[in-house]
Amino acid sequence: MVVSVMLTAAMAGSMTAHAQAPRAYQFVLAAFGVNQGWQVNAHPRMLADITGDGRADIVGMGNAGVYTAVALGNGGFAAPQFVLAGFGVNQGWQVNSHPRMLADITGDQRADIVGMGNAGVYTAVALGNGGFAPPQFVQSAFGVNQGWQVNSHPRILADITGDQRADIVGMGNAGVYTAVALGNGGFAPPQFVQSAFGVNQGWQVNSHPRILADITGDQRADIVGMGNAGVYTAVALGNGGFAAPQFVLSAFGVNQGWQVNLHPRMLADITGDQRADIVGMGNAGVYTAPALGNGDF
């Protein structure tokens, strides 16, 4: 009986040790890293589904241009391939001047490249095989030559019309400008839609996060900004514009002690109701504010 008890205790100890053993990560690709010459201040690297298989792939903008590595479905990626001589350092693109993003702008469930260069907007449509069509210049707007600067003017891609295509939303000096995706890799002419959330209204990149997410559940991305007083929102109307901004919450703002360099604030559906909620990491820890469905939290 004593032996039986001792064996049971030993087994329990073994099981506990096994349960607490750290899980190993795996090294999957000798690419896109510091040892291969990639630097944060020069080479954007993003994850997005560029093949339409529901798996996020790696897309990196290196010196020579665009490199991709397709997800294999087992936690690893296929060997990287050089797919496009565009959007890279050698073509004049710089992190501190030229935003480059991935989003589906055609509605085919594949993420495309959208870059804001000196002259304006360039796009490269995903082909479905890990590569992209040649870049095309689609719009003289949202670029350096039009006065847009990374340290002053956020430019975001989000579906604000509900057609499953990502549109451009930019917060410029005067306020909010939008350009609706046409489905062919281009965008409609930009329109000025709101005197809010811009430099002239006191919004600054280093103090006031501005995020696009569906907070009402209508499949259209709305504007949520964390200003000095707290949270302001502007609900998408479906035509490329937004309803008048409303002040909805005395929280998550500068006046409550939140700082961009210390306190991340994000939007994501944490309740399962198809509406994006606020999640903020403050001094004490995590704070949340669930969306109410009417543009408020």
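Predicted model: local features only at pLDDT ≥ 70, side-chain atom pairs only at ≥ 80, totals over all residues.
Close-up 1. β7 and β8 run antiparallel and are joined by 3 bridges. On to the next pairing of β7: strand β6 (residues 112–116) pairs with strand β7 (residues 121–124), again in the antiparallel sense, over 4 bridges. Here Met116 sits opposite Val121 in β7. The two strands make a hairpin with 4 residues between them, and Gly120 in the turn has a positive phi of about 150°.

**Close-up 2. The largest nonpolar core and the surroundings of Phe87.** This core has 16 residues. Which of them have the most contacts inside it? They are Val66, Phe87, Ile113 and Phe132. Three strands, β1 (45–48), β2 (57–61) and β4 (81–84), each supply at least two residues of the core. Zoom in on Phe87 and, leaving aside residues up to four places away in sequence, you'll find that Phe87 touches Val66 and Ile113, along with Met61, Trp93 and Arg100. As general background, nonpolar side chains in soluble globular proteins tend to be buried together.

**Close-up 3. Trp148 against Tyr177, an edge-to-face pair.** The count of aromatic pairs comes to 14, and this view picks out the one formed by Trp148 and Tyr177. Their ring centres are 5.8 Å apart, with 75° between the planes. The pair ties together distant parts of the chain, 29 residues apart: Trp148 belongs to the loop between β8 (136–139) and β9 (155–158), while Tyr177 lies in strand β11 (residues 176–179). Tyr177, at 25% relative accessible area, is partly exposed.

**Close-up 4. Trp203 against Tyr232, another edge-to-face pair.** The ring centres of Trp203 and Tyr232 lie 5.8 Å apart and the planes meet at 75°, so the pair is edge-to-face. Trp203 comes from the loop between β12 (191–194) and β13 (210–213), Tyr232 comes from strand β15, and 29 residues separate them. Trp203 is buried, with a relative accessible area of 9%, whereas Tyr232 is partly exposed at 26%.

Close-up 5. Strand β14 (residues 222–226) and strand β15 (residues 231–234) run antiparallel, joined by 4 bridges. Val224 stands across from Thr233 in β15. Their hairpin has 4 residues between the strands, and Gly230 takes a positive phi near 145° there. β15 also pairs with strand β16 (residues 246–249), in the antiparallel sense over 3 bridges, and Tyr232 faces Phe247 in β16.

**Close-up 6. An open sheet built from β17, β18 and β19.** The 3 strands follow the order β17-β18-β19, with antiparallel pairing. β17 (265–268) and β19 (286–289) are the edge strands, each pairing on one side only. Ignoring direction, neighbouring strands are turned by 25° against each other on average. β17 is joined to β18 (residues 277–281) by 4 bridges, and Arg265 stands opposite Gly280 in β18.

**Close-up 7. An aromatic cluster.** Four rings are the subject here: Phe32, Trp38, Tyr67 and Phe82 form one aromatic cluster.

Conventions
Residues numbered from 1 in each chain as written. Heavy atoms only, no water. Pairing = 2+ DSSP bridges. Axes fitted to C-alpha atoms, helices over the stretch in contact; angles between N-to-C directions. Core = buried A, V, L, I, M, F, W, Y, C linked by side-chain atoms within 4.5 Å. Buried < 20%, exposed > 50% of the residue type's maximum accessible area, 1.4 Å probe, protein only. Contact = heavy atoms within 4.5 Å. Phe/Tyr/Trp six-rings, centres within 6.5 Å; stacked < 30°, edge-to-face > 60°.
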